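Visitor: I have a model open on my screen. Can you walk me through it?

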Amino acid sequence: MEKRLHASQKMEALGTFAGGVAHDFNNLLTVVLGHAEMIAEDAPAGSGTATSAELIRSAAVKARELVRRILLFARPEAETRTSTALGSVVDETVELLRSTLPASVRVLWDPPRDSVFAIVDAAQLSQVLMNLGVNASHALTNDKGTITFTLDRVRVGSGAPSSVGLRPGSYARIVVRDDGGGMSAETRNRIFEPFFTTKPVGRGSGFGLAVADGVIRGHGGAIDVETALGTGSAFSLYLPADDAVPAPASAAKAEPPKAGLGGGRRVLLVDDDPMVLGILSRILGRAGYRVTSHGDPVEALAALEAVPGGFDLLMTDRAMPGLSGPEVAERARVLNPGLRIMLLTGADQPADLESSHFSAVVVKPVDSAALLRVVDRVLVGVPVPMPVRAA
């Protein structure tokens, strides 16, 4: 219990630090990604400039994913949780592993007779399972052996506490088992530490299991590990089961409009970072929008008050000195009740993003095309799933 308390305190402190760093870093990536896309658009096809711009864009996208992974283990919060048939997630993971791992590695999967549901972020769970599958392949001797996936439903009773800290209740359990060399007790006790790895340089960062643990904990579950030297390893993922029948998806879906429908419509843009303000203004301006930008939220509200009905959209950053994005949105609603409002954030904290003031929430950095699609959807009244993270 003492070890768990210390680990929890360390993760809380690291999460606070990571959230602050992510906001500033994502602002920088917004500038890098936006300018790289513009250079690529303007450069002649096949030129050295176009190639360099694409390499810069690719590096920025990878950096964006790295920041996201840091936040996943440091501040574990589900992104888009829906009732999901876990068998379909395992199916996709197994097929992907079979196509990427050496042919000498057998990947076995026997789906359960009855569907097992849990309320999860399917993309995050898929990432966790893929990571566990790749780790299992690395544990095999000479890339030869078997990885087995199983899925079932179990119940944790109230008679005794769970060995992995689960509350009593019904859980979906996914087990990823390998017949590799196994782990010593010392290694087993450290596998969820960030940057700890026993793999050779270039084969692992020591980050994957820390991310996996953060994701599963963020869903109210836990990971249990059974292993010993010479006997292989079994990673059991426990997720609170959803016993309710999932609602059928609506057959009618609104068609998204084509990106870049500016047509001179006016956008009031607010961000305290001048570089972010500049690149977003250019992206919107090139798409045909008339942009009025302000680095001071108070000045932006004054501009809104001075021209009643003069703007079609307010796009505001979340974290700014003086007034936050939600506070700007609240005051803007008083000045113009019908104004459509988008929130930009670099911190990726879903708990802070739920507000009736916002027509959309965009997590920086986002691709130019994705940003314009969201703006177009908002202005024509097409619902936007929140938050938007990338193209």
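Visitor: What does the chain average in pLDDT?
Guide: The chain averages a pLDDT of 81, and 78% of the residues score at least 70. pLDDT is the predictor's confidence in each residue, from 0 to 100. This is a predicted model, so local features need pLDDT of at least 70 and side-chain atom pairs count only at pLDDT 80 or more, while totals for chains, interfaces and linings use all residues. Residues are numbered from 1 along each chain as its sequence is written, and side-chain values use heavy atoms, with hydrogens and water left out.

Visitor: Where is the pLDDT below 50?
Guide: Residues 201–206 are one such stretch, with 10 contacts in the model beyond near neighbours in sequence. Contact means heavy atoms within 4.5 Å. Residues 245–260 also stay under 50, and the model has 17 contacts for them beyond four places in sequence.

Visitor: New topic. Which residues have the most contacts inside the largest nonpolar core?
Guide: Leu-86, Leu-125, Phe-149 and Leu-237, in a core of 37 residues. Such a core is a set of buried Ala, Val, Leu, Ile, Met, Phe, Trp, Tyr and Cys residues joined through side-chain atoms within 4.5 Å. Buried means under 20% relative accessible area, exposed over 50%, partly exposed in between (1.4 Å probe, protein chains only).

Visitor: What gives the most to this core?
Guide: Helix α4, with 6 residues. Helices (H or I, at least four residues) and strands (E, at least two) are DSSP runs, numbered from the N terminus.

Visitor: What does Leu-125 contact?
Guide: Beyond four places in sequence, Leu-125 is in contact with Leu-86, Val-89, Val-120, Ile-174, Ile-216, Leu-237 and Leu-239. Another core, of 28 residues, lies apart from this one and includes Val-276, Met-315, Leu-372 and Leu-379.

Visitor: Back to α4. How many residues has it?
Guide: α4 has 18 residues, 122–139. From first C-alpha to last, α4 reaches 26 Å, close to the 26 Å expected at 1.5 Å a residue. The expected span is 1.5 Å times one less than the number of residues. Among its buried residues are Leu-125, Val-128, Leu-129 and Leu-132.

Visitor: What sits at the start of α4?
Guide: Asp-121. One of its side-chain oxygens reaches to within 3.0 Å of the backbone nitrogen of Gln-124.

Visitor: And Thr-84, buried or exposed?
Guide: Thr-84 counts as buried because its relative accessibility is 10%. Thr-84 is in strand β1, residues 82–85. Its contacts beyond four places in sequence include Val-116, Phe-117 and Ala-122.

Visitor: What about β12: which strand is joined to it?
Guide: β11 (residues 340–345), through 4 bridges, and the two run parallel. Strands pair if DSSP finds at least two bridges between them. Leu-344 has Val-362 as its bridge partner in β12. Ala-360 and Val-362 point one way from β12, Val-361 and Val-363 the other, and all are buried.

Visitor: Which peptide bond is cis?
Guide: The one from Lys-364 to Pro-365, with omega near -5 degrees. Pro-365 is in the loop between β12 and α10 (368–380).

Visitor: Why remark on that?
Guide: Because most peptide bonds are trans, and most residues other than glycine have a negative phi.

Visitor: Where is Asn-142, then?
Guide: In the loop between α4 and β4 (145–156). Phi of Asn-142 is near 55 degrees, a positive value. Asn-142 is exposed, because its relative accessible area is 64%. Asp-143 lies in that loop between α4 and β4 too, with a positive phi of about 55 degrees. Asp-143 is partly exposed, at 27%.

Technical notes: Polar contact = N/O pair within 3.5 Å; in protein donor to acceptor, adjacent residues only side chain to side chain.
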